[in-house]
Amino acid sequence: MIRLAIEPLLKKNNRSKYWLCQQMNMTSRNLNRIIRGETTSISFKYIEEFCKHLNCQPGELIEIVSNNKKIQI
């Protein structure tokens, strides 16, 4: 399963989910769905925006989770 490492990156940057929602003009419901992996797709636009606001590269944002083990791409 592919997961976005949004919460660890927020913590690393001392930011909140509320702050990220405000920056990206996104509802907290949608952000939480993305964090919990309840979405089936995400556009490159959002990946770019997450990276911009979380000061990271896509490889730091995207993780593959297999058998409760985290593999960073």
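View 1. Just after helix 2, Asn 25 adopts a positive phi of about 55°. Helices (H or I, at least four residues) and strands (E, at least two) are DSSP runs, numbered from the N terminus. The model is predicted: local features need pLDDT of at least 70, side-chain atom pairs count only at pLDDT 80 or more, and totals for chains, interfaces and linings use all residues. Residues are numbered from 1 along each chain as its sequence is written, and side-chain values use heavy atoms, with hydrogens and water left out. In helix 2 (residues 17–24), the buried residues are Trp 19, Leu 20, Cys 21 and Met 24; buried means under 20% relative accessible area, exposed over 50% and partly exposed in between (1.4 Å probe, protein chains only). These buried residues pack against helix 1 (6–12), helix 3 (28–35) and helix 4 (44–54).

View 2. His 53 belongs to helix 4 and is buried, its relative accessible area being 15%. Neighbours within four places in sequence aside, His 53 is in contact (heavy atoms within 4.5 Å) with Trp 19, Leu 20, Gln 23 and Met 24.

**View 3. Charges over rings.** The charged end of Arg 15 sits over the ring of Trp 19, 4.3 Å from its centre. Lys 45 lies over the face of Tyr 46, at 5.5 Å from the ring centre. A charge sits over a ring if NZ of Lys or CZ of Arg is within 6 Å of the ring centre and within 35 degrees of the ring normal.
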